[in-house]
Amino acid sequence: MNKHAGLFNKMPISIEQRESRLGWKLIAPSLGVIGLLIIYPILYNIYLSFFDVKLTGEKFFIGLANYEKLLQDTAFYGSVLTTIIFLIGTVVGSTLIGLLVALLMNLQFPFRNVARAIILLPYFAPIISVVFGWQFIFDPVNGIYNHVMVEVLHVTDQRHNLIGDPHTALLVVIIFDIWRHFPISCLLIISKLQSINRDQYEAAAIDGCGPLGRFFHVTLPEIYFVLGTLVILRLIWNINKFEDVFLLAPNVQTLPIFTYYAAFTGIIDQGFAATISVVQFLFLSFLIYFYVKKVLKW
Amino acid sequence: MKKIFIIAGIVIIVIAAILIYISKRPPEVVEIAFWTTETQSDRMKTIQLLMDTFQALNSDITVKLVPVDENDMPSQMAAASAAKNLPGLIEGSSELILAFGEEGIFDIKGATKMVKEIGKDRFYQGALKMVESPDPGNFYGLPYHGWVQGIWYRADWFDEAGLAPPNTWENILKAAKTFYKPEENQYGILIGTKAENYAEQCFTHFALSNGGAEFNSKGDLIFNSKEILETLEYYAELAKYNPPGPHTWRARDYYLQGKMAMFFYSTYIMDDLALAEVAAGSLTNENYSELKGSTFDPKLVDNTRIATTITKTRPGGYGSMVALGLVDQDNSAKNEAAQKLLSFLYEPSSYIIFLHMSPGGMNPMLRDIAGKPEYLNDPNGIFKRYGREKIEEITAGLDSMGSFTVVNGKTFPASGRIFAKQIIPRMIYKVTIDGMDPKDAIVWAEKQMKEVIGS
């Protein structure tokens, strides 16, 4: 109250108050942009979820009908389960592999910089060409995977469509996502690894720690926050991940794919789409809250 | 002070330049957009050429050509509607045109006027019926081109095995079983099992041949019927002879590679089959040249035949029609410009140029065009390759093609909404890939359809 008293009376204002005002003025443009680009769409989305929106733009208030429709849909619960499996598989997988590769890339060896650049390729390659590449590999009739498995190694005498078969598609999508995104985990971990003081390793070695001991007592505590941040980022990215999953295997119904089929095939049901987005937003918020408070204990 | 004068001088000059530019611009150029579903680059080039010609003839109209994938059309239209940036003219399947018509985005008066101007009797009547609004004599759009679907098959393999052509349920299943040799990487048939429109197109062909329908002539939903159940059970059985996993039309490449005996496809495949270079371009395994069957067989056209009619309890034909829809842009000048463009697209020369983008695939919807020598003389010589007789056989199929949308001469646009929602493709996926019981799947589909109709 005191801080803003100067706004409403003619009393001379202190330097502190002036600075405070300047501070507000300086962040006002950012606040405006955030409000316009983030807060407004979220609020409008919540508002739309209570309406039946026609293609012509007309809106009819229908209360909680969209929410009832969503919660009565068994496919929705299936997609929540698929999303959880997808999240656990990809976040754990890409973080662990990223960590392993980062540890390896932190060692001294010839052409280390070249190797570092090469492992980043999956992340930088355009998604559409990468997806087609994977589809060619697993094509049931012409793909190299079936050719090797059936005709070269004779592991099985039946050709499988691993991407098409709903029992294996989720696994392929998880492996694909790990392969595509471990480089970014690796990159962030390496940058932290390089800042760890060598003295700490020497001290640990003097205290009798072997390689594993040094990893658990020096490396892990040092990169703990980077790992925590990585996991949060991957959770946020992957819960909203659409293109990787949809382009490779549209039969894997994670929440965004479910939303697409439920609301964006045929005549667009914007109200229902908004409802799913609100639920997805709440789900993500809960997941992050749980992770930050209970797992990371920040 | 001097600086202020200099800045003021510059500002005045800039404003004057802008004003001169604006005043010298040609007055009232109307800009409209044409959304086409012909997204391939070579087709875009041809259509752009037509648009350029139109603009040269109508200097007061600018046309922006926008390629839109058929599956994305509803979402793009919703976005354009929200942004008040609707196109003037769109090209889309009759189902899509009906679904949009139901939503009230079309200039129905304009379309009806254009049908009269072009000549109502010149159109194939079955096709025109497919875009008629529930108010008889009024039209949501105008039929532009259409294709007929059939089972394309290896006649040489059939002859060798002593099998009858695949024109009945029994013959098709028998042949699919005979040629299904997965150990040799050879498959019996391709029918759609992925949750995409292709699956519905294959399924509808069978359903029509068994008397299956979505609606009766009173407009009641009758999808949950004995005929549809029989069709779905048969379809699931037939799908066992597909290549492994869910598939859509792209798997037709296996046929071109000599690894499949039959596949459902429209007459669009004619140029791919006839021209070795086109076929080679559509193969997807050029990177694996060591795999068998990767070279194009130049005798494929001679060895390939098509069965357009399938019979179970009655002969069933299936085809699809692409129509042009005039979008109501809430601006009379723009609406008139779109009508002019539509009229231009029906002029014989521009119409034939458009249809020649895919000879056999894009068949004319005006009877008199089909008989014109210019039409039968396509630049790639495809029609000559197949012969006039075969071409006329195919175009004759346009009059008898059926769909779920028209029942006893009455149009049910709700069928378009069901199509757009991909309910039947998802039902097929559930049965053929997820292993759901056909009865349960039909109950599921019926529930979804009721929701779509009720909404």
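In this predicted model, helix 22 (residues 423-432) of chain B packs against helix 23 (residues 438-454) of chain B at an angle of about 160°, and their axes are 9 Å apart. Because angles over 145 degrees count as roughly antiparallel, helix 22 of chain B is roughly antiparallel to helix 23 of chain B. The crossing of these two helices is right-handed. On the helix 22 side of chain B, the contact is made by Ile423(B), Ile424(B), Met427(B), Lys430(B) and Val431(B). Helix 23 of chain B answers with Pro438(B), Ala441(B), Trp444(B), Ala445(B), Gln448(B) and Met449(B). By class, nine of the residues in this contact are nonpolar, one is polar and one is charged.

Another pair in chain B is worth a visit. The axes of helix 5 (residues 108-118) and helix 15 (residues 332-345) of chain B come within 11 Å and cross at roughly 30°. Angles under 35 degrees count as roughly parallel, and helix 5 and helix 15 of chain B are therefore roughly parallel to each other. Helix 5 of chain B passes helix 15 of chain B in a right-handed crossing. Here Gly110(B), Met114(B) and Glu117(B) of helix 5 meet Asn335(B), Gln339(B), Leu342(B) and Ser343(B) of helix 15. The residues of this contact divide into two nonpolar, four polar and one charged.

Chain A has a helix pair to show as well. Helix 4 (residues 74-105) of chain A and helix 11 (residues 211-239) of chain A pack at an angle of about 140°, with 10 Å between their axes. Helix 4 of chain A also passes helix 11 of chain A in a right-handed crossing. From helix 4 of chain A come Thr83(A), Phe86(A), Leu87(A), Thr90(A), Val91(A), Ser94(A) and Thr95(A). They meet Leu227(A), Leu230(A), Val231(A), Arg234(A), Leu235(A), Asn238(A) and Ile239(A) in helix 11 of chain A. Sorted by class, this contact has eight nonpolar, five polar and one charged residues.

| Helix pair | Angle between axes | Axis distance |
|---|---|---|
| Helix 22 and helix 23 of chain B | about 160° | 9 Å |
| Helix 5 and helix 15 of chain B | roughly 30° | within 11 Å |
| Helix 4 and helix 11 of chain A | about 140° | 10 Å |

Chain B contains 23 helices and 13 strands. Its C-alpha atoms fill a box of roughly 95 × 55 × 50 Å along the principal axes. For 455 residues, a compact globule would have a radius of gyration near 23 Å, and the 25 Å of chain B agrees with that.

Where they touch, 24 residues of domain 1 of chain B are in contact with 19 residues of domain 2 of chain B. On the domain 1 side, helix 4 (94-102), helix 19 (382-386) and helix 20 (388-400) of chain B each supply at least two residues. Helix 4 of chain B gives the most to that side, with six residues. The residues of the domain 1 side divide into ten nonpolar, nine polar and five charged.

What about chain A? There are 14 helices and two strands in chain A. With a radius of gyration of 25 Å, well over the 19 Å that the globule rule gives for 298 residues, chain A is more spread out than a compact globule. The box filled by the C-alpha atoms of chain A, taken along the principal axes, is roughly 85 × 65 × 30 Å. The domain assignment of chain A gives domain 1 (5-48) and domain 2 (72-295), and 39 Å separate the C-alpha centres of these two domains.

Finally, how do the chains meet? In the interface, 30 residues of chain B are in contact with 25 residues of chain A. Helix 3 (73-82) and helix 21 (414-420) of chain B each supply at least two residues of the side that touches chain A. The largest share of that side, six residues, comes from helix 3 of chain B. By class, the residues of chain B on this side divide into 15 nonpolar, nine polar and six charged.

Notes. Residues are numbered from 1 along each chain as its sequence is written. Chains are lettered from A and ligands numbered from 1 in the order in which they are written. This is a predicted model: local features need pLDDT of at least 70, side-chain atom pairs count only at pLDDT 80 or more; totals for chains, interfaces and linings use all residues. Axes are lines fitted to C-alpha atoms, for helices over the stretch in contact, and angles run from 0 to 180 degrees between N-to-C directions. Helices (H or I, at least four residues) and strands (E, at least two) are DSSP runs, numbered from the N terminus. Angles under 35 degrees count as roughly parallel, over 145 as roughly antiparallel, 65 to 115 as roughly perpendicular and the rest as oblique. A crossing is left-handed if the near helix is turned anticlockwise from the far one by less than a right angle, and right-handed if clockwise. Two residues are in contact if their C-beta atoms, placed from the backbone, lie within 7 Å. Ala, Val, Leu, Ile, Met, Phe, Trp, Tyr, Cys and Pro count as nonpolar, Asp, Glu, Lys and Arg as charged, and the others, Gly among them, as polar. Domain bounds come from an automatic or database domain assignment. The radius of gyration is taken over C-alpha atoms; the globule rule is 2.2 Å times the number of residues to the power 0.38.
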